[in-house]
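Subject: Structure for you to look at

Dear colleague,

Here is the structure I promised to hand over, and below it you will find my notes on what turned up. Please keep the viewer open while you read, so that you can follow each residue as it is named.

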Amino acid sequence: KARYYRETGVSFTFFDKSGTFSAGARLKLLNGLFNASLPGAFRAELFTDEQNFALDINLQNASLNTTGVNTMQESSFPVKYLITNNNRGVGLDLGFEFKPDPAITFAASITDVGFISWKADPTNYTIEDTQFSWAGLELQELHDIVTTIEDSLVSRFNRVTTNNSYTEWNPVTAFLSGSYKVTPRSVASAT
């Protein structure tokens, strides 16, 4: 997955009076600009026959979703698309810190819980499940090698292009850490 998005957030933080516990949350509005991802369980198998070196090719769930690619390739600079578009979502970050002793600290966080609905400029590329054996090319006339490859190999894949919107969950990150103040100038920590 590759994605580029902008986030705008509001944070809330709570501190207890004793200073031993603090917690925070950030609520985010997300605006997606670019996305390219393989949704689902794409599987490609390629086997070479030991006798004649023919290739056995098996593709399942071969699809690619993109958003923003066509807009970025337009001849005029897409100012309106970069400022705001219909690729919207929400996100949430949560975290806390606990100090049971002045020398000991525990902390945990979970970030980027949320999703983006990609609706502006979506393009979906799909190759139907395919299985075949390919014995290679006969290169007798090299002046038209591109057409030869397209006719013998590429044409075997039934490709479909659509423009359906899609929703993706953000990749969530979680951290857990602890530290111990060994001396006034040294701290041992683990994350």
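Strands β4 and β9 pair with each other in the antiparallel sense, and five bridges hold the record of that pairing. Please bear in mind from the start that this is a predicted model. Within the pair, you can find Leu-59 standing opposite Thr-130, which belongs to β9. The two strands are part of an open sheet of three strands, which runs in the order β3-β4-β9 and is antiparallel in its pairing. Because β3 (43–48) and β9 stand at the edges and each has a single partner strand, one side of each is left without a neighbour in the sheet. From one strand to the next, the twist averages 10 degrees.

Two residues elsewhere deserve a careful look, and Thr-123, in strand β8 (residues 122–127), is one of them. Is Thr-123 buried or exposed? Its relative accessible area is 4%, and since anything under 20% is counted as buried, Thr-123 is buried. The side chain of Thr-123 makes a polar contact of 3.0 Å with the side chain of Asn-70. If you set aside the neighbours within four places in sequence, the residues in contact with Thr-123 include Leu-64, Asn-65 and Thr-66, as well as Thr-161, Thr-162 and Asn-163.

The other is Gly-114, which lies in strand β7 (residues 104–118). Gly-114 has a relative accessible area of 5%, so by the same cut-off of 20% it is buried. Although Gly-114 and Gly-89 are 25 residues apart in sequence, their C-alpha atoms are 7.2 Å apart in space. Again leaving aside neighbours within four places in sequence, Gly-114 is in contact with Val-90 and Gly-91, and also with Glu-168, Trp-169 and Asn-170.

For the protein chain as a whole, the secondary structure comes to three helices and 13 strands, and buried residues make up 26% of its 191 residues. Of the contacts between residues at least 6 apart in sequence, 70% join residues that are at least 24 apart. The chain exposes about 13100 Å², of which carbon and sulfur atoms supply 58%.

Conventions:
Residues numbered from 1 in each chain as written. Predicted model: local features only at pLDDT ≥ 70, side-chain atom pairs only at ≥ 80, totals over all residues. Heavy atoms only, no water. Pairing = 2+ DSSP bridges. Helix = DSSP H or I, 4+ residues; strand = E, 2+ residues; numbered from the N terminus. Axes fitted to C-alpha atoms, helices over the stretch in contact; angles between N-to-C directions. Buried < 20%, exposed > 50% of the residue type's maximum accessible area, 1.4 Å probe, protein only. Contact = heavy atoms within 4.5 Å. Areas by Shrake-Rupley, 256 points an atom, 1.4 Å probe, with all protein chains shown as cover. Polar contact = N/O pair within 3.5 Å; in protein donor to acceptor, adjacent residues only side chain to side chain.
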